[in-house]
Amino acid sequence: MNLIIDQGNTKIKVALFEKQTLIVNEVFSDVDYAEKISNIIDNHPIKKGIVASVVKDAESRYSFLNAKIQQLVFVNSETPMPFLNEYATPKTLGVDRLALMAAAVNQFPNQNVLVIDAGSCITFDMMTSEGVYVGGAIAPGIQMRLRAMHEFTSKLPLIEQQNFDISHFIGKSTRDCMLSGVYHNVVCEIEGVIARYEQQFKNLTIILTGGDHLYLVENIKNRIFAKSFFLLEGLNAILEQTKER
């Protein structure tokens with residue numbers, strides 16, 4: 001059984017996989033995370049583990065795992081990947097994007113795959129049918145845009161992220177204008193980016209994941225696969241490859 005840990009800026013996602021099957025999925029805060037993860041390990045036959053972290057000192061934070069797991073991998077730019085990486089600055093490439101590309105090539109082999117991760121930022125990453133990662137784009141996410149308008153324009157209120165019906169694109173109040181501007185433009189932006197990729201890559205498979213993917217998939221017109229656990233599945237694919245080496 002494989003232990004998968006995705007350390008984000010505010011949350012820690014922990015999963016267990018039996019080969020390709022997701023068995024356990026938990027989300028923790030930074031409080032007592034070591035004890036909670038240890039409890040999971042103590043109750044399951046885990047031999048392999050992988051940690052992907054966007055925060056510093058991940059190996060120190062998760063050093064307690066060394067006494068509990070036979071093989072532990074910390075994902076970085078030098079970790080072997082199941083694809084050819086043509087990113088010009090691989091050391092600056094986030095481990096989350098590496099994991100998403102591993103999932104893309106693992107689940108959709110020999111296909112052109114565009115992965116859109118809609119979270120704090122919206123990332124676009126392209127895997128070709130030859131198994132080559134060619135790069136992508138990074139844009140601000142929904143909450144980031146709402147906060148930026150308040151922070152850079154003092155008279156605009158701070159509005160929290162929420163569901164918004166983009167069919168009501170003409171706002172009748174400042175609040176509704178801000179929500180329409182952000183949500184409608186994000187949807188149009190993503191549809192426009194997809195159209196550009198479809199011009200260059202034939203038979204494009206589109207994956208939408210991340211915290212905002214369920215809202216967006218309901219409003220984007222293109223045929224899209226919604227994948228809630230795509231990043232975790234990618235980390236598991238990296239670990240499975242590591243086991244084979």
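**Cysteines and cores**

Guide: Let's start with the cysteines: the structure holds 0 disulfides, a disulfide being a pair of cysteine sulfur atoms within 2.5 Å. This is a predicted model, where local features need pLDDT of at least 70, side-chain atom pairs count only at pLDDT 80 or more, and totals for chains, interfaces and linings use all residues. Residues are numbered from 1 along each chain as its sequence is written, and side-chain values use heavy atoms, with hydrogens and water left out.

Visitor: Is C177 buried, exposed or partly exposed, and which is C188?

Guide: Buried means under 20% relative accessible area, exposed over 50%, and partly exposed in between (1.4 Å probe, protein chains only). C177, at 41%, is partly exposed, and so is C188, at 36%.

Visitor: Which residues touch the most other members of the largest nonpolar core?

Guide: A nonpolar core is a set of buried Ala, Val, Leu, Ile, Met, Phe, Trp, Tyr and Cys residues joined through side-chain atoms within 4.5 Å. In the largest one, with 31 residues, F83 and L235 touch the most other members.

Visitor: What does F83 touch?

Guide: Leaving aside residues up to four places away in sequence, F83 touches L98, M101, A102, V105, M127, G131 and Y133, with contact meaning heavy atoms within 4.5 Å. There's also a second, separate core of 28 residues, including I122, F124, L179 and I224.
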